[in-house]
Amino acid sequence: MHRKLCFDVDGVIANFTDSYSAAITRLTGIALPKASDSFPHTWYWDREILSQEQLEMVWDTAIRPEGANFWLALAPLPNAIETIHRLNVLSKQGHEVTFMTAREGDRAKTQTEMWLHSYGMDYPTVLVTNDKILIVDALKMDFFVDDRLYTVDDLAQRMEMFEIFDEPRPVKDRIYLVNRPYNQEPCHAFIKRVASVKEALQLEGLW
């Protein structure tokens, strides 16, 4: 059976935190640790460190401007290259593999596609959206992986609502949250916590 697989990018296969921290340090002089099991400890950790003016300056200087290649320069997370190669195989086998991101800035979609291609995805499909849940439902995805607790929790709650009205969705039992220090709060019962995309694929028999 061919599957409709959907993946977030930052914090799931791409190391956003370290590149973002480096940009903050370069532009403000504020020294920050590398991403670890204890950092960052909250989703909006940058708002605890920077003023709104500093935040806008970092984004407007390093990420959003025309010609900036911030997204293209991110390092892959551990096991990400192996995972992307596996997703490429699944795509060639007829599974639909989609990457979704809320990235901002010049050519965010193109940079993401180029990044995925450089690490082994022949023909990456990338959707840039601020409403991943709408897309997951509209495209009838049956597998979703993200690192943001709010996103997967909201998706699970919506799937529960559909179930109450006897309109089940295939993604309900296949919502995965990649464990990170910033997403350790309690989550919906539908959600499965995993250490990586690889583990989620293994649980689905796709690895």
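Strand β1 (residues 4-7) and strand β6 (residues 143-146) run parallel and pair over three bridges. Two strands are taken to pair if DSSP finds at least two bridges between them. Helices (H or I, at least four residues) and strands (E, at least two) are DSSP runs, numbered from the N terminus. The model is predicted: local features need pLDDT of at least 70, side-chain atom pairs count only at pLDDT 80 or more, and totals for chains, interfaces and linings use all residues. Residues are numbered from 1 along each chain as its sequence is written, and side-chain values use heavy atoms, with hydrogens and water left out.

- Cys6 stands opposite Phe144 in β6.
- β1 and β6 belong to an open sheet of six strands, in the order β5-β4-β1-β6-β7-β8, with parallel pairing.
- At the edges are β5 (125-128) and β8 (191-194), each of which pairs on one side only.
- On average, neighbouring strands of this sheet are turned by 25° against each other, direction ignored.
- Axes here are lines fitted to C-alpha atoms, for helices over the stretch in contact, and angles run from 0 to 180 degrees between N-to-C directions.
- Helix α5 (residues 108-118) packs on the sheet and touches β4 (96-101) and β5, its direction making about 150° with that of β5.
- Contact means heavy atoms within 4.5 Å.

**Gln111 in helix α5**

- Gln111 is found in helix α5 and is buried, with a relative accessible area of 0%.
- Buried means under 20% relative accessible area, exposed over 50%, and partly exposed in between (1.4 Å probe, protein chains only).
- A polar atom of the Gln111 side chain lies 2.9 Å from the backbone oxygen of Ala68.
- A polar contact is a pair of N or O atoms within 3.5 Å; within protein, one must be able to donate a hydrogen and the other to accept it, and residues adjacent in sequence count only if both atoms are side-chain atoms.
- Not counting residues up to four places away in sequence, Gln111 touches Ala68, Asn69, Phe70, Trp71, Leu72 and Asp106.

- Thr129 sits in the loop between β5 and α6 (132-138), and its relative accessible area of 15% is why Thr129 counts as buried.
- The Thr129 side chain reaches the backbone nitrogen of Asp131 at 2.9 Å.
- Leaving aside neighbours within four places in sequence, Thr129 is in contact with Met100, Thr101, Ala102 and Ile135.
- Glu66 lies in the loop between α3 (52-63) and β3 (75-76) and counts as exposed because its relative accessibility is 76%.
- Glu66 and Gly105 are 39 residues apart in sequence, while their C-alpha atoms are 7.5 Å apart in space.

**Salt bridges**

- The whole structure has 15 salt bridges, a salt bridge being a side-chain nitrogen of Lys or Arg within 4 Å of a carboxyl oxygen of Asp or Glu.
- One of them joins Arg103 to Asp10, with the closest N and O atoms 2.6 Å apart.
- This pair links distant parts of the chain: Arg103 is in the loop between β4 and α5, Asp10 is in the loop between β1 and β2 (14-15), and the two are 93 residues apart.
- Arg103 is buried at a relative accessible area of 4%, and Asp10 counts as buried at 15% relative accessibility.
- Arg64 forms a salt bridge with Asp60, the closest N and O atoms being 2.8 Å apart.
- Arg64 counts as partly exposed at 25% relative accessibility, as does Asp60 at 43%.
- Asp106 and Arg107 meet through their side chains in a salt bridge of 3.2 Å, N to O; Arg107 is partly exposed, with a relative accessible area of 35%.

**Helix α1**

- Helix α1 (residues 16-28) has 13 residues and reaches 18 Å from its first C-alpha to its last, close to the 18 Å expected at 1.5 Å a residue.
- That expected span is 1.5 Å times one less than the number of residues.
- At the start of α1, a side-chain oxygen of Asn15 reaches to within 3.5 Å of the backbone nitrogen of Thr17.
- The buried residues of α1 are Phe16, Thr17, Asp18, Tyr20, Ser21, Ala23 and Ile24.
- Their cover includes β2, α2 (45-49) and α3.
- Gly29 follows α1 and has a positive phi, near 85°.
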